[in-house]
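Let's take a look at the pockets of this model, and then at one of its helices. Have the structure open as you read.

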Amino acid sequence: MPAVAGSNDELRDRLRTLLTELMLIPGLSGHEGRVRRYLAAEQRKLGLTTRTDRLGNLIATLEGEAGAPDVMLFTHMDQLGFVVRKIENDGFIRVERLGGVPERALPSQAVTICVGEGRDRAGLIANKSHHATTPDEKYKVVPYMDLYIDAGFSNRAEAEAAGVLIGTPIVYRPQVIELSETRIAGTSVDDRAGCAVIVEVARALGEAAKRPTVHFVFSVQEEFNLRGALTAAQVLKPDICIQLDLLLATDTPDMAYRGNVTMGGGPGISLYSFHGRGTLNGTIPHPALVSLFEKTSRAEDIPLQRSAHTGALTDSSYVQLVEGGVASIDVGFPMRYSHSSLEVVDLGDLEQLTRLLVAGISSIDKDFSLDRDDFVG
Ligand SMILES: [Zn+2]
């Protein structure tokens with residue numbers, strides 16, 4: 001098995017830098033340009049040629065062994081947030097939600113209004129003055145329709161002159177807080193952590209003596225409609241799809257009943273995901289890929305956690321249905337506080353996830369079977 005270049009510490013440092021830089025770049029769904037530019041530059045440093053499809057997906061291909069199944073390794077580069085819905089005459093900004101934004105965690109959050117690089121404006125989601133809050137308001141969630149953003153404008157004309165228009169993207173103010181040596185809180189760990197890991201996987205696989213053909217895809221609009229990666233898959237027609245995103249960490253007091261995924265417990269695979277409201281989709285992974293990561297975990301002495309839950313899904317749900325079917329699996333890192341302005345991840349988990357992916361993918365060769373009948377349990 002090829003090793004990841006450099007020591008554990010070097011890999012961890014590179015992941016820390018990539019993750020930190022990526023979390024500081026705003027990239028609302030449908031407005032991923034700044035993130036894409038950063039990732040394209042990182043891919044070019046590795047000697048990879050990148051291309052962007054019409055939807056905005058960033059794609060780079062590393063050629064490998066002829067006859068081995070082609071792999072599409074992907075993760076989304078967009079983040080959730082808001083778009084401007086209305087500018088009030090007094091300069092306050094009303095917003096529409098874009099993605100699964102938790103309304104109860106919004107008042108008094110800082111935001112960045114993305115009017116253009118170098119011209120972005122700061123704002124905050126107003127929280128009614130505490131001294132004027134009535135007892136029945138104290139424990140109520142304010143619906144997003146009633147929230148407003150204060151960006152320092154005195155009237156609508158000032159806001160418009162600053163470039164704020166209906167449809168302007170707004171994200172949580174990008175920030176990074178190092179909680180400990182290994183744990184980082186930041187904006188959009190989901191899924192800039194996945195982006196950082198793919199950059200490092202691409203680096204290691206580029207140096208590997210043996211590997212299948214791998215398409216690295218940084219996808220768009222995941223937080224919007226979960227289908228951005230589809231256009232890439234329809235063109236690339238991979239045999240295998242490996243999707244990277246968070247796994248819900250369940251080791252906090254409010255999540256304990258949901259599973260056994262712990263922060264710092266290593267990477268994991270999802271054995272079942274499903275979302276019934278509107279989307280009616282999910283991913284039950286191909287058994288060849290479950291087996292691949294189980295074997296790799298044992299051979300490389302990397303822990304492998306298991307997740308199964310309803311309520312969330314990823315683009316792999318749609319990618320698996322392309323052409324005659326794509327063998328798919330969701331692989332991920334434990335993460336806390338999903339979709340809040342600050343999410344928490346452990347760098348050790350990202351480092352082990354990188355190693356798991358490099359070892360697992362590089363072991364896929366022409367004898368790798370995707371025949372369901374070889375995996376009858
Ligand atoms: Zn995500």
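This is a predicted model, so keep that in mind throughout. Start with the largest pocket: 45 residues line it, and those nearest its centre are Leu248, Gly311, Ala312, Ser338 and His339. The largest share is from β13, with five residues.

The second largest pocket has 17 lining residues, and closest to its centre sit Pro107, Asn127, Lys128, Glu137 and Val142.

| Pocket | Volume | Lining by class |
|---|---|---|
| Largest pocket | about 1,300 Å³ | 16 nonpolar, 17 polar and twelve charged residues |
| Second largest pocket | about 460 Å³ | six nonpolar, four polar and seven charged residues |

Now for the helix. How far apart are the end C-alpha atoms of α2? They are 18 Å apart, which agrees with the 18 Å that its 13 residues (33-45) should span at 1.5 Å a residue. Residues three or four places apart in an α-helix point the same way, because there are 3.6 residues a turn.

Which residues of α2 are buried? They are Arg34, Val35, Arg36, Tyr38, Leu39, Ala40, Glu42 and Gln43. The cover over these buried residues includes α1 (8-23), β1 (50-52), β2 (58-62), α4 (189-207) and β12 (214-219). After α2 comes glycine 47, with a positive phi near 85 degrees.

Definitions and conventions: Residues numbered from 1 in each chain as written. Predicted model: local features only at pLDDT ≥ 70, side-chain atom pairs only at ≥ 80, totals over all residues. Heavy atoms only, no water. Helix = DSSP H or I, 4+ residues; strand = E, 2+ residues; numbered from the N terminus. Expected span 1.5 Å × (residues − 1). Buried < 20%, exposed > 50% of the residue type's maximum accessible area, 1.4 Å probe, protein only. Contact = heavy atoms within 4.5 Å. 1 Å grid on protein atoms, 1.4 Å probe; cavity = no way out; pocket = protein on both sides within 12 Å on 5 of 7 lines; lining within 4 Å. Points joined across faces, edges and corners; volume = space filled by probe spheres on them. Nonpolar A, V, L, I, M, F, W, Y, C, P; charged D, E, K, R; others polar.
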